[in-house]
Amino acid sequence: MDLGLQGKVALVMAASKGIGRACAEALAAEGATIAVGSRNQEMLEQTAREIRERYGVPVLMRATDVRREADLAAIVNATIREYGRLDIVVNNAGGPPVGSFEQFDDAQWQAAFELTLLSTVRLIRLALPHLRQSGSGRIINIVSTSVKQPIAGLLLSNAIRPGVIGLAKSLSSELAPDNITINNVCPGRILTDRLRKGPGMQQKLDQGISEQEALKDLARDIPMGRLGQPEELASLVAYLSSSHAGYITGTTIQVDGGLVRSLY
Ligand code: NAD
């Protein structure tokens, strides 16, 4: 299927590795021109170079901390200066820290809000005039299955990520007259550094379990019987970015091998 992404410009955040990088690669593989932002300049440079070489598309990179509005404005402006348009925005960031209710003070709640929800609000606001001009703008937010089923030990994610869903659902109506779609994608357990270094893993490693066994353990309650690969999630992001997905908006779709048991 030709996704019709040639000539489109996609901005992908938190893209130096993991899910963000896989999304940038999936879009590049379809011929989209790419802009990537992430905090780590060195890793981001390497990612941009590798995507350029592998897919033969232009890749702009700029060190960006999604918590800083000035950084977001700078990368949007650089994208427009360099490519003259912006069609697709993938909102992504590192996840909020692990912990339970009594561990977090106001500052930590505020930080999680800024990282997870406010960064999404700000990037959409900055990108919006350009997405309107595109005529078929696409916004995709990478969230978590915590928006469908709270995850033990991830209180900040459980409490704040649903705000992104509310935002997207509201915007799906507001932006439909501009032919802009907005959708959320929920990673289940996807094999990235975040999962490898996450609390579930650390507990098992501390008990003396090998990394391989610990990863197998993490997959036990997943109906598909395995962890997901970042590319499996990125394929959905590429599809939602495409001309074929022009009638899909306001949805929240998990890529989780059946992990979430809820009906919705
Ligand atoms: P990862 O640790 O592999 O990669 C995270 C990326 O985010 C890196 O490129 C890092 O540089 C970047 N980043 C972190 N904070 C940033 C910031 N403030 N500004 C800009 N870039 C920043 O993680 P991942 O697995 O790719 O996770 C991506 C998102 O998906 C996270 O929000 C995570 O919580 C969520 N998620 C992942 C899983 C999973 O199983 N991997 C499950 C549920 C949710």
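## Cysteines

At 0% relative accessibility, C186 counts as buried, a term that stands for under 20% relative accessible area, with exposed meaning over 50% and partly exposed in between (1.4 Å probe, protein chains only). C23 is likewise buried, with a relative accessible area of 1%.

The structure holds zero disulfides, a disulfide being a pair of cysteine sulfur atoms within 2.5 Å. C23 is in no disulfide, since the nearest cysteine sulfur, that of C186, is 13 Å away, and this distance is too far for a bond.

## Basis of the model

This is a predicted model, in which local features need pLDDT of at least 70 and side-chain atom pairs count only at pLDDT 80 or more, while totals for chains, interfaces and linings use all residues. Residues are numbered from 1 along each chain as its sequence is written, and side-chain values use heavy atoms, with hydrogens and water left out.

## Packing of α4 and α5

Helix α4 (residues 106–134) packs with helix α5 (residues 155–175) at an angle of about 20°, their axes lying 9 Å apart. The two helices are therefore roughly parallel to each other, as angles under 35 degrees count as such. Their crossing is right-handed, the near helix being turned clockwise from the far one by less than a right angle.

Methods:
Axes are lines fitted to C-alpha atoms, for helices over the stretch in contact, and angles run from 0 to 180 degrees between N-to-C directions. Helices (H or I, at least four residues) and strands (E, at least two) are DSSP runs, numbered from the N terminus. Angles under 35 degrees count as roughly parallel, over 145 as roughly antiparallel, 65 to 115 as roughly perpendicular and the rest as oblique.
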